[in-house]
Amino acid sequence: MITNRKIDALGRIVLPLEILTSLNLKEGDSLAVYLTGTQIVLLPNQNHCALCKNTEDLIEVNDRYICSKCREIIKMI
């Protein structure tokens, strides 16, 4: 499904209700938002590494997540 939505003055868009319903999303749920090249990616309720976007083997740090690979890289710095 493709629909066009306008961005408001605060940079917000409204997602179509059909998409929210099909993903079982409701008011108050969170979405991960990040860039992949020139694409904006929205992932429902999925924690990911703040550095590399990996979704496996995560450690929570101050309300964010870091994967074990990035943690090891940080240790070496």
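Lys53 counts as partly exposed because its relative accessibility is 29%, where buried means under 20% relative accessible area, exposed over 50% and partly exposed in between (1.4 Å probe, protein chains only). The model is predicted: local features need pLDDT of at least 70, side-chain atom pairs count only at pLDDT 80 or more, and totals for chains, interfaces and linings use all residues. Residues are numbered from 1 along each chain as its sequence is written, and side-chain values use heavy atoms, with hydrogens and water left out.

Lys53 lies in the loop between S2 and strand S3 (58-61); strands (E, at least two residues) are DSSP runs numbered from the N terminus. Although Lys53 is not a glycine, its phi is positive, at about 75°. Most residues other than glycine have a negative phi. Asp63, also not a glycine, has a positive phi near 65°. Asp63 is placed in the loop between S3 and strand S4 (64-67), and it counts as exposed because its relative accessible area is 70%.

Attention now turns to the strands. Leu31, Val33, Leu35, Ile40 and Leu42 make a nonpolar surface patch of about 480 Å². Patches are made of residues with over 30% relative accessible area and no salt bridge, like charges being joined within 9 Å and nonpolar side chains (Val, Leu, Ile, Met, Phe, Trp, Tyr) within 5 Å. A salt bridge is a side-chain nitrogen of Lys or Arg within 4 Å of a carboxyl oxygen of Asp or Glu. Accessible areas come from the Shrake-Rupley method with a 1.4 Å probe, and for residues only the protein chains shown count as cover.

Strand S1 (31-36) and strand S2 (39-44) each supply at least two residues of this patch, and S1 gives the largest share, 3 residues. Val33 belongs to strand S1 and counts as exposed because its relative accessibility is 54%.

Methods. Helices (H or I, at least four residues) and strands (E, at least two) are DSSP runs, numbered from the N terminus.
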